Amino acid sequence: MSEFLAEVIGTMILIIFGGGVVASNVLNKSKGEGGGWVLITLGWGLAVALAVFAVGSVSGAHINPAVTLGFASIGDFPWEKVPMYISAQIIGAFIGGIIVFFAYLPHWRETSEAGLKLAVFSTDPAVRSPLSNFVTELIGTFVLVMGLLFIGANEFTEGLNPLVVGLLIVAIGMSLGGPTGYAINPARDLGPRIAHALLPIPGKGSSDWGYAWVPVLGPALGGIYGALFYAAIFTGEYSGAFWAVSAIVAVVLIAAAGTELKKANEAPVDHKASQLL
C-alpha cells in the first residue's frame with residue numbers, strides 16, 4: 001500500500017467511527033440517541049486508535065494535517081511529502097463523511113434540526129466567538145501534537161501505542177472539547193463539511209462556511225506550535241521559527257482575551273438582579 005492510500009484509508013476510518021458516534025448520539029430514532037459527550041469522546045478516541053492500528057506501519061498514520069505540518073516543522077517529516085499527505089487526509093475524510101451518510105440513511109428525514117445534521121459532519125462552537133474558538137482549537141491541537149511527541153519518546157509494549165494515542169484523544173475531548181467540539185484536525189472538519197455541502201441530505205440547511213476557517217487554521221497553527229515547543233523546551237532545539245510562532249500565538253491569545261473582556265464590559269447589566277443581591 002502506498003503512503004497516499006494509507007492516509008486516505010486511515011482518515012476514512014477515523015471519520016466513519018468518529019462521525020458515526022456523533023450521528024448515533026444526535027440523530028432522531030437512533031438507538032444511541034442522547035448517549036452524551038463521554039460516549040462521543042470515547043468514540044473518537046477509539047476511532048483514532050483503530051486508524052493508527054490500520055495504517056500506522058505504512059504511513060505513520062498522521063491522519064491529520066496539523067500532525068503532518070507539526071512534524072515537518074521540526075524536521076521529523078519531509079516537507080516535499082506534506083501536500084500529498086494533506087490531500088490524502090482531506091479525501092479520506094470526505095469519503096468517510098459519505099459513508100456515515102449512507103449508514104444513517106433513514107435518520108436524516110427523521111431529524112428536523114439542521115444543526116444536528118451538520119454536527120455529524122463538522123464542528124460548531126457552543127458559544128460562537130470566532131477568535132476565542134480559534135484559540136480553543138489552537139490549544140487542543142498544541143496539546144495533541146506535543147502529546148504525540150511525548151508518546152513517541154517512550155517505549156511501550158508492541159501494539160500499545162495506538163491505544164495510548166486514542167486515550168490522548170479522549171483526554172483532550174473531555175478536558176478541552178466543550179467549547180468547540182474539538183476538531184483538532186483540519187481534514188476531520190473540512191472533508192466531511194464538503195461532503196455535507198454536496199450530499200442530498202433532507203433539510204440539511206447551511207454548511208456554515210463562515211465558521212469553517214476556525215477548525216482549519218486553529219489546528220494548523222496549534223500543531224506547528226506544539227511541535228516547535230516540544231523541540232525547544234524538551235530537546236533544547238530553539239529556532240527562529242519557534243520564536244516567530246510564539247509571538248504569533250501570544251498576539252492571538254491577547255487579542256482573544258481582549259475581545260472577550262470587551263464583550264463582558266459591554267454586556268447589559270441586569271439592575272433588578274443586582275438589587276436582589
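Ala183 is buried, since its relative accessible area is 4% and the cut-off for burial is under 20%. This residue of the predicted model is placed in the loop between α8 and α9. Beyond the residues up to four places away in sequence, Ala183 touches Thr123, Glu137, Arg188, Asp189 and Pro215. Ala183 and Val214 are 31 residues apart along the chain, and their C-alpha atoms are separated by 9.3 Å.

## The enclosed helix α3

Helix α3 spans residues 65–73 and is largely enclosed by the rest of the structure, because 8 of its 9 residues are buried. The buried residues are Pro65, Ala66, Val67, Thr68, Leu69, Gly70, Phe71 and Ala72. They pack against four helices, namely α4 (82–103), α7, α9 and α10.

Both ends of α3 have a local feature to note. Just after the helix, Gly75 adopts a positive phi of about 80 degrees.

Two packed helices are described by the angle between their axes and the distance between the axes. Helix α7 (residues 130–152) packs with helix α10 (residues 214–235) at an angle of about 40 degrees, and the axes are 6 Å apart. That angle makes α7 oblique to α10, because the roughly parallel class is limited to angles under 35 degrees. The crossing of α7 and α10 is right-handed. The residues of this contact comprise 18 nonpolar, 6 polar and 1 charged.

Helix α10 also packs with helix α11 (residues 240–266), here at an angle of about 130 degrees and with the axes 10 Å apart. The two helices are therefore oblique to each other, and α10 passes α11 in a left-handed crossing. From α10, the contact involves Leu221, Ile224, Tyr225, Leu228, Phe229 and Ala232; from α11, it involves Ala241, Phe242, Val245, Ser246, Ile248 and Val249. By class, the contact of α10 with α11 has 11 nonpolar residues, 1 polar residue and no charged residues.

## Packing of α2 with α8

The axes of α2 and helix α8 (residues 161–176) cross at roughly 150 degrees and come within 8 Å. The two helices are therefore roughly antiparallel to each other, as the class takes angles over 145 degrees. Their crossing is right-handed.

On the α2 side, the residues that meet α8 are Trp37, Val38, Thr41, Leu42, Trp44, Gly45, Val48, Ala49, Val52 and Phe53. Their partners in α8 are Pro162, Leu163, Val165, Gly166, Ile169, Val170, Gly173 and Met174. The contact of α2 with α8 divides into 14 nonpolar and 4 polar residues, with no charged residues.

## His196 and Ser207

His196 is found in helix α9 and counts as buried, because its relative accessibility is 0%. Leaving aside neighbours within four places in sequence, His196 is in contact with Lys117, Leu118, Phe121, Ile201, Lys204, Gly205, Ser206 and Ser207. The C-alpha atoms of His196 and Arg109, which are 87 residues apart along the chain, are separated by 15 Å.

One of these partners, Ser207, is found in the loop between α9 (186–198) and α10. Ser207 counts as buried, with a relative accessibility of 8%. Apart from neighbours within four places in sequence, Ser207 is in contact with Leu118, Arg193, His196 and Ala197.

## Ser30 in the loop between α1 and α2

Ser30 is found in the loop between α1 (3–26) and α2 (37–59). At 10% relative accessibility, this serine counts as buried. A polar atom of the Ser30 side chain lies 3.1 Å from the backbone nitrogen of Gly32. When neighbours within four places in sequence are left aside, the contacts of Ser30 are Ala23, Ser24, Tyr104 and His107.

Terms used:
Residues are numbered from 1 along each chain as its sequence is written. This is a predicted model: local features need pLDDT of at least 70, side-chain atom pairs count only at pLDDT 80 or more; totals for chains, interfaces and linings use all residues. Side-chain values use heavy atoms; hydrogens and water are left out. Axes are lines fitted to C-alpha atoms, for helices over the stretch in contact, and angles run from 0 to 180 degrees between N-to-C directions. Angles under 35 degrees count as roughly parallel, over 145 as roughly antiparallel, 65 to 115 as roughly perpendicular and the rest as oblique. A crossing is left-handed if the near helix is turned anticlockwise from the far one by less than a right angle, and right-handed if clockwise. Ala, Val, Leu, Ile, Met, Phe, Trp, Tyr, Cys and Pro count as nonpolar, Asp, Glu, Lys and Arg as charged, and the others, Gly among them, as polar. Buried means under 20% relative accessible area, exposed over 50%, partly exposed in between (1.4 Å probe, protein chains only). A polar contact is a pair of N or O atoms within 3.5 Å; within protein, one must be able to donate a hydrogen and the other to accept it, and residues adjacent in sequence count only if both atoms are side-chain atoms. Contact means heavy atoms within 4.5 Å.
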